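Keep the sequence and the 3D view at hand.

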Amino acid sequence: MTEQFRIYSKDAYHIPLSKGQKPPAELALDNYLTFACRHKFCLEVCPVYQVTRNEAHTSYGFHTSLFAIWKGIGNIEELGGTFTHCLQCGACEVRCPNTLFMGDFYKVTQTTIELVRKVRSDLVRAGVGFPGLDEVKKEVEFHLQAISKRDDLMKWTEGLDVQVGGRCDLVLYVSRFTATQATETARAAAKLLKKAGLNFSVIDMPQAGIGEALDIAREDKFVELARKDVDKLREMGAEMVVVVDPHDYFFFRRIFTRIFGELPFKVVFITDVLWQMMEEGRLVAQNEIHKRVIYHDPCTLNKLTNVWESPRKILSKIPGVQFTDEHHIDQWYYCCGNGVSTFKKVNPEIAFTIGQRRIRRALDLGGKTLALGCPHCWDHLTEVKTKSKSDIELINVIEILAQSVGV
Amino acid sequence: MISQYATVDQGIVSDLIGIVGEHNVTTMLHQRAIRAAVPCPFPIHRWEEHLPDVVVLPGSTEEVSEILKLANRHRIPIVPRAAGTGLNDGAVPLRKGILLDIKRLDQVLELDDANMTVTIQTGINNQELSRTLKRYGFWWPFDPASFPVSLVGGNIGTGAWSLIGGVSGHIPDLVLSMTVVLPTGRIIEVGESGARKIRKSSTGYRLKDLFIGHQGTLGVVTEATLDMFPMPEAEFPASFGYDRFEKAWKNLRSMSRAFLRTMAMAALLDQERVEFLRRDDEAYIALPKNVRSVIGTVFYGSEAEVTAASEVLFKLVREGGGLYLGEEFSEGNWAGRHETLQLPLHGRTMLGDVMPSTWHVQDAAVLYSELPAVREKWHSLVREYQEKYAIFDDGGIIMHTNSPYRPWGDYILSMDLFIPEMELDDAKWKAFLELDRKMSEVVLQHNGSITACHGATRPGQAELIPIELRNGMYDMMRIIKRAFDPNNIMNPGKFGLDSAYVEETKL
Amino acid sequence: MFKALATGVKVKRGRFEVDPALMKKVKQQYITEEEIDKIVDMRREYLDWMQYNFGQKLIKPPRTSKTED
């Protein structure tokens, strides 16, 4: 199934693992490159490891487990409970010197997220599965149902007087999760673009965005939905696509490009556009917003696509905001606990603890508001805040901007 | 008699679950396999021989005590493991048994602002501790090559060394006291004195050092009270190039005797090391062609003192024929000091192809006067083995200041050897151990110590411990080991101390 | 500035790369120029962050220093 399109960066990952068989030698060599180092830069930076303190729940653990199986120690049947312990946040990938200090030189990097996806899917294909698999399947099914319901999917545009569909060279891309679970963020994005005087259209009935499909051997579905959206954007004549959900930004910039090759449009994140509008004077933060703000870098923006400047610049320009910055490299070590896909469904308790710790860090710095860049962070931390009875305010950075701009 | 060890059966596993809880015990093969190795070359062709029987993650000193009591009752080996980033097999199980993983003990217990101490559980990572202290304006000034990854407990277990020991000492100098679970399960406190935070005392025997560098053979250190420093006002890294190793070596002498108290480190890179850096241009900053040796220095302290020291340093370098390599190289090299040593694609075959390999660091403590001779002999030995076995790749030698609080005296020589573990078989593994031993023998011939900080727990070097520690020291080790650990359960086989149980040692 | 001194090192787009001919034992992966640029940027940012890990102020070399070539 995966041979039809390039799901993974490394050819060896496209060969499925099977019960009772050794992993292929090429995969073993890739695993060896992590084992060969075994200096464990991937441990302390991993938000899951920070909670469990189990080195199996790290890039080192994942790669070495497979390498040991290739040497005849262990079998894939016992891997499921270990390989669920990954947020897919990208911290280990970026922190590993194999990426950071030699990845560009050798064109061989740490690809832990892809390895984790591969093993989860291979376990499903092999009939072994992993703990929490049913929950993840339900999530995928839920998405597939939801993307067909126009009333739910496009309701967020009501009353905004924005173009939906049709042709336009600037398109606002709001996928199912944000459209249905974080409507205020979606509406803020649209209102701000409109206030800036930009002529844009909103993509009609977006289909893609279900990363969980890559964890349950439904790569075909992931690709099918992605292709639909890419085709639709092409038909719309999009030259620039503005994305509101950083998970989608990561998918577009790093996964869709791998599958489809260079895309026929530029993809930018909403805060980059909004900051540019502020620099050009087309958006003015005029209302004072009295908040003591800490900004949480979403993993998909900070670690996976290196976008961290524009949200900070925006916050620094909003009058009344007392912004205490935490360096974005320090935040390689943080996560909200939701994960890029699947994690929260299979490890809800660890997800909760990671979220609690993140809120605690903000409170320790004297923050009353944790500004977010990601609707998944907002959704998960809201649940954590409610359960732990915290009074911290959680709000997307663009909503703070919208309040200050006055839309 | 050496203990006959019991097999870890389901009854033992159930007992362990009773002590630490179900989620903190595992017998899954992959969880055991990943904890069989540390970052020095590992005989993957004999991986099974190093598998522990069970992995346990205790959450408190009391749980560690119960586990050791259980191990004694049944005679089961205990192998303590911190991060598993050591460089001489200290945490590699030799006799199976219980792998005691201390990572859950990761809390900061107390920060004493007035008396400049911090008390921690030993499963805390150095960088994490450093970040916590920084928030309060303090400095955890311990900077091993493994700073981002190692845990203080492992540093204590190996007697670890700090890159900046010239200004703030090494682990033995920074640990004031510890809570230790003895092999029998008894929990004791040991330190410079009977009080946890005193730095210098003459009340009793100096027993603290027994547990620093013991490689887990005398118990498990679960808590430690550490010295804290004030955050240094200034940092100054500076690197210099020389056209010959000997010129650099001589300049090192004048630098180290200038009494610059803020000099934290001087590191001399030999020609092979510079050639290795050039191999991949990994610093991405080109060095002038005629630079064949480099000295890297770094200073920490008040701005006034560091600035003054930098003026003296540059004058000495000009007089010594050195060339300043610029801010980009100096600062970048220092900032990247933890990152660029163990990269698995930097090894090369004899034909120059990229060779996926692991990194062996041969470390030794060598006197200043002996550095050139040991250096030459090490390279010559490696060349000899390269010709026979083609699996060794010489990454050159760095010589760092080794003495605590001063840059003269002895230096830690570390040579990087790249070894492709996937090509190992018994013959090649034996060759590696032989080479290791011969390099250590050279050091002994030159009145040095076979290991500055990694330990000598691997076969190859372990046989030389009684030779280096002749004249009573090794006999004392035997007596102490047997007295503390009557059943030989604590990391058995390390230091060659099974010999303590063959017959009683008398002084 | 970007001249590669070592054999087996290529310089492309101002960046160093290994000579692909040397990668006989290890296969290079699919990686875009954008991803390579990202690694280079993040390395630089990381080194800047690391620079202030300990000391609060980075002292510059004395004015009497010279860099010769």
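**Exercise 1.** Explain why helix α11 of chain B is largely enclosed by the rest of the structure.

Solution. Count the buried residues: 7 of the 9 residues in α11(B), which spans residues 327-335, are buried, so the helix is largely enclosed. A residue is buried if 20 or more other C-beta atoms, placed from the backbone, lie within 10 Å of its own. Helices are DSSP runs of H or I with at least four residues; strands are E runs of at least two, and both are numbered from the N terminus. Next, name the buried set: F329(B), S330(B), E331(B), G332(B), N333(B), W334(B) and A335(B). Finally, find the cover. It includes β12 (234-242) and β14 (293-301) of chain B, together with α1 and β3 (57-58) of chain C.

This is a predicted model: local features need pLDDT of at least 70, side-chain atom pairs count only at pLDDT 80 or more, and totals for chains, interfaces and linings use all residues. Residues are numbered from 1 along each chain as its sequence is written, while chains are lettered from A and ligands numbered from 1 in the order in which they are written.

**Exercise 2.** Describe the contact between chains C and A.

Solution. Chain C gives 21 residues and chain A gives 22. Contact means C-beta atoms, placed from the backbone, within 7 Å. On chain C, β2 (15-18) and α1 (33-51) each give two or more residues. The largest share, 10 residues, comes from α1(C).

**Exercise 3.** Describe the contact between chains B and A.

Solution. Chain B supplies 37 residues, chain A 33. On chain B, α2 (29-33) and α4 (126-135) each supply at least two. α2(B) has the largest share, 4 residues.

Methods
Two residues are in contact if their C-beta atoms, placed from the backbone, lie within 7 Å. A residue is buried if 20 or more other C-beta atoms lie within 10 Å of its own, exposed if 12 or fewer, and partly exposed in between; C-beta atoms are placed from the backbone.
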